[in-house]
Amino acid sequence: MTGYSVDAMEFLQTVNQLERRFEEVTSPGALRKAMAEPESYDPVDHRLYVLAHDVFADTGWAMTIMVAAASFDGALVGQCKEFIQGCSSVVRKYGINVWLYGLANGSTVAMFTGEPSENTPMCIQTLHRSELVKRCRLKGPKRFGSKHNQQKVIREHCRQMHKLAAYTLMRWGDGSDPCIDTALMLLHEPAIGMCMLREDPKVLQVGAAPDMNFRRVVVALAELRARADEEFARESSAGLESGAESGSRTSLKTGQEPAQEPAQDDTQETAPDHVDYYKDPAYAQASARYLYDARRLIAGYRELWDRTTLDAAKVLVAIEQGEETSAGGASDDDSVWHNVVHLREVSRSLLGADNACELIEGFNERDVARFDQGVALLESMAEIVEMEGLPMLPIVMLDEQDGYVEKQSGVLPKSADDKRRKVSEIGEFLAGIVLARFPRGDVAKQCALALLDGEIVQYAKALRPMLRDDIEEMASAHT
């Protein structure tokens, strides 16, 4: 069993509302009214937008539904109706986990076959009206343009389907730890997350491979996290480390302590202002832990730089196959911060899965430039956490998205489609950080949902219940 429940009934009711609303706004009567009163016609139906995002989040299917409704293109409208009805039919017959597994597995298979999945939405990319009309009347892979463009579509669809699976579990699931753990794994380790959906017997009944070896990986990662938690608690209680102070005293990029500063007056405040922002001190503690882990992560990688280490991804494969039990630790010590698997997972929880690649691969390849690029990004994010607190990180980063994208890739997006995709990716990796780093509960759930749906205003609203009343104005100012 999965260990969590998903409200399929409420989900199906929402899908039914979406189907009815889509039928209304694309009906012949709606078309006649739009043609008769073009000045008053609004191509964006707010109710349809809300329902499409409730069901499909910020994905190509939500976009395709909105484009179909605005364009009245018969072929595109037909594709949307068929997909919505197909989703409803699978969930009604087998349950949500089977539906999600089918979407994630289909998009993964497409990565290997090189041909777009039949469930790939037409508007997964921004298209000119004439190009959209032409593609809607094509069949097979040709609907998505050249071979090169098809590969871009396949990668994007695979990312979006795992994101949709995580969103759906968060939106319609019971919010329990097993539910959140599965959603987080779908974002950080998609292959393992997809396997975790097999815990539902109905997924196995429809033909999924009955391979449960992935549980070894889940257990190994949990053990490493527990060891790191114990070490953090031990060092904190002993007064050896303070997350907020160490984050401000130590440069992540150089790993060096700055010169001693003149003694300060005992009355001078040393804790960052954001410590007192929150009603629940657990959020200030989460900020301190972020800074502590960031510093220890870089120090761990640097200490292993001149040593022979295993590739963390290969270690995880070996663990899954039962060939490895040491979980990536260095052969001559037992420090969790010298464990490449743990360092990899911490990198992802601090930076997000995709962002962590520069740091992880830079270390694996001993590529100084690439590694330093990853450190620079982590340093900039840690600076935000130090100054504003971890809960404010998504607001600041989404508010300054152009600067972040340029810092990450060296160039600004060339097109509206590139920018839309980048913003979606930022929301996705920030949602992963929230699920990994926030205290578990409804606030974390609602914050993650808002980020997966690309809604910064909703994120700020979800954040406010745990902010002190006088601090809410700060969140409002950023949004």
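User: Where does phenylalanine 72 lie?

Analyst: Phenylalanine 72 lies in the loop between H4 and helix H5 (74–94). Helices (H or I, at least four residues) and strands (E, at least two) are DSSP runs, numbered from the N terminus. This is a predicted model, in which local features need pLDDT of at least 70 and side-chain atom pairs count only at pLDDT 80 or more, while totals for chains, interfaces and linings use all residues. Residues are numbered from 1 along each chain as its sequence is written, and side-chain values use heavy atoms, with hydrogens and water left out.

User: What is its phi, for phenylalanine 72?

Analyst: Near 60°, a positive value in a residue other than glycine. Most residues other than glycine have a negative phi.

User: Is phenylalanine 72 buried or exposed?

Analyst: Phenylalanine 72 counts as buried because its relative accessibility is 17%. Buried means under 20% relative accessible area, exposed over 50%, partly exposed in between (1.4 Å probe, protein chains only).

User: And alanine 57, where is that found?

Analyst: In the loop between helix H3 (46–56) and helix H4 (60–71). Phi of alanine 57 is near 55°, again positive in a residue other than glycine. Alanine 57 has 0% relative accessibility, so it counts as buried.

User: Switching to H3. How do the axes of H3 and helix H8 cross?

Analyst: The axes of H3 and helix H8 (residues 147–172) cross at roughly 100° and come within 8 Å. Axes are lines fitted to C-alpha atoms, for helices over the stretch in contact, and angles run from 0 to 180 degrees between N-to-C directions. H3 is therefore roughly perpendicular to H8; that label covers 65 to 115 degrees, with under 35 roughly parallel, over 145 roughly antiparallel and the rest oblique.

User: Which residues make the contact?

Analyst: His53, Asp54, Val55 and Phe56 of H3, with Leu164, Tyr167, Arg171 and Trp172 of H8. Contact means heavy atoms within 4.5 Å.

User: Overall, how many helices and strands does the chain have?

Analyst: The chain has 24 helices and zero strands. Of its 479 residues, 50% count as buried.

User: Where is confidence lowest?

Analyst: In helix H13 (residues 243–249), with a mean pLDDT of 41, whereas helix H1 (residues 8–25) is highest at 97. pLDDT is the predictor's confidence in each residue, from 0 to 100. Residues 241–251 are below 50, yet this stretch has 25 contacts in the model beyond near neighbours in sequence. Where pLDDT is low, the predicted coordinates should not be read in detail.
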